[in-house]
Amino acid sequence: SQEKWSLFTSQVSAISESSNKKTTKLLIELEDKYQIECVILRHNKRTTLCVSSQAGCKMGCTFCATGQLGYEANLTRGEILQQI
C-alpha cells in the first residue's frame, strides 16, 4: 500500500501583532489538533523567534495562559522545526 504523507502537518490558525509592531504571536494548530504558540520579538537590529517544544506546560504559572492549560504533549522534532 502507498503511504500518504505531507511536508507540513501544522498550520497557522491566527496571527496577532502588538500595536508597536515589535511582537508577533502565531497560534499554530498541530496535526493532532493541539494548539501552540510561537512568538517573533523585534528589538533594535535583532529579531528573536521563540518556539514551542510542548503543547501546554507543567509549571502552572498564574501569569501565563499556557501554564494554566496544563501539560498535554511533547512536540515532535518535525513540529518544532515547522515553527521556523
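These exercises, each with a worked solution, concern a predicted model.

**Exercise 1. The overall layout**

Find how many helices and strands the chain has, and work out the pattern they follow along the sequence.

*Solution.* 
Step 1. Count the elements: there are two helices and six strands.
Step 2. Read along the sequence. The pattern is β-β-β-β-β-α-β-α.
Step 3. Along the principal axes, the C-alpha atoms fill a box of roughly 50 × 30 × 20 Å.
Step 4. Of the 84 residues in the chain, 19% are buried.

**Exercise 2. Strand 2 and its neighbours**

Trace the bridges from strand 2 to strand 1 and to strand 3, and sort the strand's residues by face.

*Solution.* 
Step 1. Take the strand 1 side. Six bridges join strand 1 to strand 2, and the two run antiparallel. On this side, Ala14 has Leu27 of strand 2 as its bridge partner.
Step 2. Take the strand 3 side. Strand 2 (residues 23-29) and strand 3 (residues 35-43) are joined by seven bridges, again antiparallel. Thr24 stands opposite Ile40. Glu29 stands opposite Gln35.
Step 3. Sort the faces. The covered face of strand 2 holds Thr24, Leu26 and Ile28. Its uncovered face holds Thr23, Lys25, Leu27 and Glu29.
Step 4. Leu27, the partner of Ala14, belongs to the uncovered face. Thr24, opposite Ile40, belongs to the covered face.

**Exercise 3. Salt bridges**

Find how many salt bridges there are, then identify the partners in each.

*Solution.* 
Step 1. Side chains of opposite charge can pair when their charged atoms come close.
Step 2. Apply the cut-off: a Lys or Arg side-chain nitrogen within 4 Å of an Asp or Glu carboxyl oxygen. The count is three.
Step 3. Begin with Glu17 and Lys21. Their closest N and O atoms are 3.8 Å apart. Glu17 is partly exposed, because its relative accessibility is 45%.
Step 4. Go on to Lys25 and Glu37, with closest N and O atoms 3.8 Å apart. This pair links distant parts of the chain: Lys25 is in strand 2 and Glu37 in strand 3, 12 residues apart. Lys25 counts as partly exposed at 35% relative accessibility. Glu37 is also partly exposed, at 33%.
Step 5. Finish with Glu29 and Lys33. The N to O distance is 3.4 Å.

**Exercise 4. Positive phi in the loops**

Locate Lys21, Lys33 and Asn44, and give the phi of each.

*Solution.* 
Step 1. Note the background. Most residues other than glycine have a negative phi.
Step 2. Go to the hairpin of strand 1 and strand 2. It has five residues between the strands, and Lys21 takes a positive phi near 65°.
Step 3. Go to the hairpin of strand 2 and strand 3. It too has five residues between the strands, and Lys33 in the turn has a positive phi of about 80°. Lys33 is exposed, because its relative accessibility is 60%.
Step 4. Go to the loop between strand 3 and strand 4, where Asn44 lies. Its phi is near 50°. Asn44 is exposed, because its relative accessibility is 71%.

**Exercise 5. Leu49 and Ser52**

*Solution.* 
Step 1. Leu49 lies in strand 4. Ser52 lies in the loop between strand 4 and strand 5 (54-56).
Step 2. Classify Ser52. Buried means under 20% relative accessible area.
Step 3. Find its contact. The Ser52 side chain reaches the backbone oxygen of Glu37 at 2.5 Å.
Step 4. Classify Leu49. Its relative accessible area is 37%, so it is partly exposed.

Notes. Residues numbered from 1 in each chain as written. Predicted model: local features only at pLDDT ≥ 70, side-chain atom pairs only at ≥ 80, totals over all residues. Heavy atoms only, no water. Pairing = 2+ DSSP bridges. Helix = DSSP H or I, 4+ residues; strand = E, 2+ residues; numbered from the N terminus. Buried < 20%, exposed > 50% of the residue type's maximum accessible area, 1.4 Å probe, protein only. Polar contact = N/O pair within 3.5 Å; in protein donor to acceptor, adjacent residues only side chain to side chain.
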